[in-house]
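Dear colleague,

I am handing over the structure we spoke about, and I would be glad if you could look through it before reading my notes.

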Amino acid sequence: MSSARVQLTADASDALKAAHYTFDRPMPAVTIALAFVVFGSGAAAGGVGALFGIGGGVFLVPLLHVALGFPLRTAAAISLATVIATSSSVSAGRAHEHLINLRLGMVLEVATVAGSLLGGLTAHLFSEATLQRLFGIVTLLAAASVLSRVNRRNVMLDPEADAGSLGGRFHEAESGCVVTYRVKRLPLGLLASFVAGNVSSLLGVGGGVIKVPALNAWCGIPLRAAAATSAFMIGVTATGGAIIYYGRGELPALAAAPAVLGVQLGTWAGIRLAHRVPAKWLKILLVVVLLVVAALMFARSGR
Amino acid sequence: MTERPSLDDLELTLGRLLGIGVTLSSLTLGAGLLAALTLGNGAIATFLLTAGVLLLLATPIARVVVSSVGYAQRRDWLFVVLTLIVLAELIASIVAALRAR
């Protein structure tokens, strides 16, 4: 028994050592204090995931890498794990609201998959700083699009209206009735999903921050449905990259654990909050989040 | 364009599946974290943490598999093909990860 345990421990420490060779700087030791900070950031990620359908990776990577000193790839890997937890947790908590557009999500996921299969493409074309600057510009444009339509509703108040093959309907709390929406300009949604998949594993993000504004402002999808559909998709988007990082030994489970636990708290709170915030304020909050993301991206590209 | 049948029940099934997956993963990771912080980074902690991460990664894959079955039951063949394309990419990631070891 005791020798078996020693053997297992030795194997585990060998694996840890092997994993360390690929790090660009040493992993910080996971202390209780660090675990609490990571837990808090996971909770924040879960909260924005529940409210806006974005996984919070755009905030987590700089926090883990710049503020807490994790190697960049490890930060991206932990972030992707957090995105997966957020996606599963938000979708589980909100499935009964029937806001997730499964068919649209599946169609967009194929574009995301194509994007992540060609993930090396953008990395070859642009330096990391250029990619971050481009990401910042796209986020600013997204913020402007959402802001310009802050009073525009995407829904038809007729529950019998034709939703088309990819549209949907849901019970809207604000108007108290079943509303219908159609999907417009699908190619733009596909493009946004392709880009989201393309930058996902490199930047450690699920891509919701690109998809949600695109779906809402360009494709005519109500913000709540866009957020729920994006939250549903980002788990699969992040899984491909997370598996690769895990295979390379760059996903430290001990550091990811508090983030995943934090997500549970964050989504619990976020789902309750999401019901109380009117769609207009949700859009304004989303614009603020997008502006912070753009500022972070520009700041990182200048480092 | 004609409207396709409602997927409300599939949405509930997938929601339940994702909920079970992320809850099991969180409980396992939580136990592993507790073990690591109290007993040290031993075999028990390593086992629990590894199991938790694998459960986390397996959950979205299971979601794609169950979606595919759901569409097949509804004879929605286009969406069966689309889900299988997504599944193929996830399997390609697993193959790449195993090769990296």
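Residues are numbered from 1 along each chain as its sequence is written, and chains are lettered from A and ligands numbered from 1 in the order in which they are written.

The pLDDT is the predictor's confidence in each residue, on a scale from 0 to 100. Chain A has a mean pLDDT of 83, with 88% of its residues at 70 or more. Residues 1-23 of chain A have a pLDDT below 50, although this stretch has 16 contacts in the model beyond near neighbours in sequence; two residues are in contact if their C-beta atoms, placed from the backbone, lie within 7 Å. Where pLDDT is low, the predicted coordinates should not be read in detail. Chain B averages 90, and 94% of its residues score at least 70. For the complex, the predictor gives an ipTM of 0.94 and a pTM of 0.87.

Chain B contains 3 helices and 0 strands, where helices (H or I, at least four residues) and strands (E, at least two) are DSSP runs numbered from the N terminus. Its radius of gyration is 18 Å, well over the 13 Å that the globule rule gives for 101 residues, so chain B is more spread out than a compact globule; the radius is taken over C-alpha atoms, and the rule is 2.2 Å times the number of residues to the power 0.38. Along the principal axes, the C-alpha atoms of chain B fill a box of roughly 60 × 30 × 20 Å. Of the 101 residues in chain B, 40% are buried, a residue being buried if 20 or more other C-beta atoms lie within 10 Å of its own, exposed if 12 or fewer, and partly exposed in between, with C-beta atoms placed from the backbone.

Where the chains meet, 49 residues of chain A are in contact with 51 residues of chain B. The helices of chain A that each supply at least two residues to this side include H1 (2-21), H4 (72-94) and H10 (223-247), and H10(A) gives the most, with 9 residues. The residues on this side of chain A divide into 30 nonpolar, 14 polar and 5 charged; Ala, Val, Leu, Ile, Met, Phe, Trp, Tyr, Cys and Pro count as nonpolar, Asp, Glu, Lys and Arg as charged, and the others, Gly among them, as polar.

The largest nonpolar core has 123 residues, and those with the most contacts inside it include Ala81(A) and Val260(A). Such a core is a set of buried Ala, Val, Leu, Ile, Met, Phe, Trp, Tyr and Cys residues joined through C-beta atoms within 7 Å. H10(A) provides the largest share of this core, 16 residues. Leaving aside neighbours within four places in sequence, Val260(A) is in contact with residues of chain A, including Ala81(A), and of chain B, including Leu29(B) and Leu56(B).

Helix H4(A) is largely enclosed by the rest of the structure, because 21 of its 23 residues are buried. One of the residues in H4(A) is Ser91(A), which is buried, with 31 other C-beta atoms within 10 Å. Not counting residues up to four places away in sequence, Ser91(A) touches Ile100(A), Ala231(A), Phe232(A), Gly15(B) and Leu18(B).

Most residues other than glycine have a negative phi, and most peptide bonds are trans. His98(A), which is not a glycine, has a positive phi of about 55°; His98(A) lies in the loop between H4 and H5 of chain A and is buried, with 21 other C-beta atoms within 10 Å. Arg75(B) has a positive phi near 55°; Arg75(B) lies in the loop between H2 and H3 of chain B and is exposed, with 8 other C-beta atoms within 10 Å.

With best wishes

Conventions
Predicted model: local features only at pLDDT ≥ 70, side-chain atom pairs only at ≥ 80, totals over all residues.
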